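Here is a short briefing for a reader who is meeting this structure for the first time. Please look over the sequence and the model before reading on.

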Amino acid sequence: MDPVGCVAPQDLAMRPVGCPPGLEYLTQLDQLLIHQQVELLEAILGWESNNKYLVKNTLGQQVFFVAEDNDCCNRNFCGPLRSFVLHILDNMGQEVMTLTRPLRCDGCCCPCCLQELEVQSPPGIPIGYVIQTWHPYLPKFTIQNEQKQDVLKIVGPCCSCRWCSDVNFEVISLDEKESVGQIRKQWTGFVKEFFTDTDNFGVTFPMDLDVKMKAVLLGACFLIDFMFYEHNK
């Protein structure tokens, strides 16, 4: 680990065939940790600011920095439904991924306007999508590749908010018979949970999963965060 707790350039493997530039390190990982940074002004005044996240490996080394790019009106009047662009930067400040979410309705009564997220790497080139699947009471999503072919599914619990415990969203095969990973919203303690919308997530996936699909599962963490845990406290 380097002095500032980031993955050093020498720790990155040579880019495998088909791996987008900047995502080489993901080929070596089966787990990522996402920590949303506390915005002091937002916590005190309740005025929504652009979200920022640190993405780390299991050793606590920073892998990516994530910054929301949004305007004030969209953040504060559209709330968790807001459209956004998230810029994902490596430790050298280069943008390696871009996540885009359009403004859509929310609720089980609008199956034609479900949530979706596009993952680009490098920016401008789509590598996959997270598509909400209609269900009357369960949060369900489909992970798609760049051709919009279904690859995996995500199924969450009926109640996405639980006190004093983690909330698990299972990553499963298309036939829904095999668990292949997990997105876990981690309990951060009473003070953070009650007074802020700052959240921590962990995502696990098979080591040999296509690196593009690893990136899309990382993107799914942010969509889930905005949909279920961005309500201003």
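Predicted model: local features only at pLDDT ≥ 70, side-chain atom pairs only at ≥ 80, totals over all residues.

Residues are numbered from 1 along each chain as its sequence is written, and side-chain values use heavy atoms, with hydrogens and water left out.

**The loop between E10 and E11**
- Serine 173 sits in the loop between strand E10 (167-172) and strand E11 (179-186), where strands are DSSP runs of at least two E residues, numbered from the N terminus.
- Serine 173 counts as buried because its relative accessibility is 12%, given that buried means under 20% relative accessible area, exposed over 50% and partly exposed in between (1.4 Å probe, protein chains only).
- Leaving aside neighbours within four places in sequence, serine 173 is in contact (heavy atoms within 4.5 Å) with Leu152, Lys153 and Glu178.
- Glutamate 176 lies in the loop between E10 and E11, and it counts as partly exposed at 39% relative accessibility.

**Backbone features**
- Most residues other than glycine have a negative phi, and most peptide bonds are trans.
- Phi is near 60°, a positive value, in glutamate 176 and also in lysine 148, which is placed in the loop between strand E8 (140-145) and strand E9 (150-155).
- Serine 121 and proline 122 are joined by a cis peptide bond with omega about -10°.

**Cysteines**
- Cysteine 6 is buried at 10% relative accessibility, whereas cysteine 158 is exposed at 55%.

Technical notes. Helix = DSSP H or I, 4+ residues; strand = E, 2+ residues; numbered from the N terminus.
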